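Open the model in your viewer and follow the stops below. Each stop says what to select and what is there.

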Amino acid sequence: MEMVDEWTEQLTCATQCTRCEKKMGADDQRILSVYDHQTICMDCKSEEEQRPDYEEVTKNMIGQCLIDTEMKWGDPQGYCYHHFYPYKC
Ligand SMILES: [Zn+2]
């Protein structure tokens, strides 16, 4: 359960992208990295999607996320979901 708490915390309002350090306002969309689960901006997400191992990493990440959080895929409040659907704080 510790892991879940950590993840939930990360969904709270980050003020900057953890990758490029671009400032993010309350109205800016953000998303979680499938690589390190950090909050990143949409530009960094686009770059991540270009990585050659993105698909494989994504597949592994989904499986592990659902196990760790015991959440159902597609839960709009779900941590796993926010790796693919942007959210605002
Ligand atoms: Zn960024």
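Start with the surface of this predicted model. The chain exposes about 5,700 Å². Carbon and sulfur atoms supply 49% of that area.

Now select the whole chain. It has 89 residues, and 34% of them count as buried.

Switch to cartoon view. You will find three helices and two strands. Trace them from the N terminus: the order is α-β-β-α-α.

Select the zinc ion. Which protein atoms are its donors? They are the SG atoms of C17, C20, C41 and C44, lying 2.3 Å from the zinc ion. Along the chain, these donors follow the spacing C-x2-C-x20-C-x2-C.

Keep C20 and C44 selected. This pair links distant parts of the chain, 24 residues apart. C20 sits in the loop between α1 (2-10) and β1 (30-32). C44 belongs to helix α2, residues 42-49.

Is C20 buried, partly exposed or exposed? Its relative accessible area is 40%, so C20 is partly exposed. C44 counts as buried because its relative accessibility is 6%, and the cut-off for buried is under 20%.

Last stop: the angles at the zinc ion. Why is the arrangement called tetrahedral? The four donor atoms subtend angles of 106 to 116°, which makes it tetrahedral. For four tetrahedral donors, the ideal angle at a metal is 109.5 degrees.

Definitions and conventions. Residues numbered from 1 in each chain as written. Predicted model: local features only at pLDDT ≥ 70, side-chain atom pairs only at ≥ 80, totals over all residues. Heavy atoms only, no water. Helix = DSSP H or I, 4+ residues; strand = E, 2+ residues; numbered from the N terminus. Buried < 20%, exposed > 50% of the residue type's maximum accessible area, 1.4 Å probe, protein only. Areas by Shrake-Rupley, 256 points an atom, 1.4 Å probe, with all protein chains shown as cover. Donors = N, O, S within 2.8 Å, 3.2 Å for Na, K, Ca; no water. Tetrahedral: all angles 85-135°; square planar, octahedral: opposite > 155°, others 65-115°.
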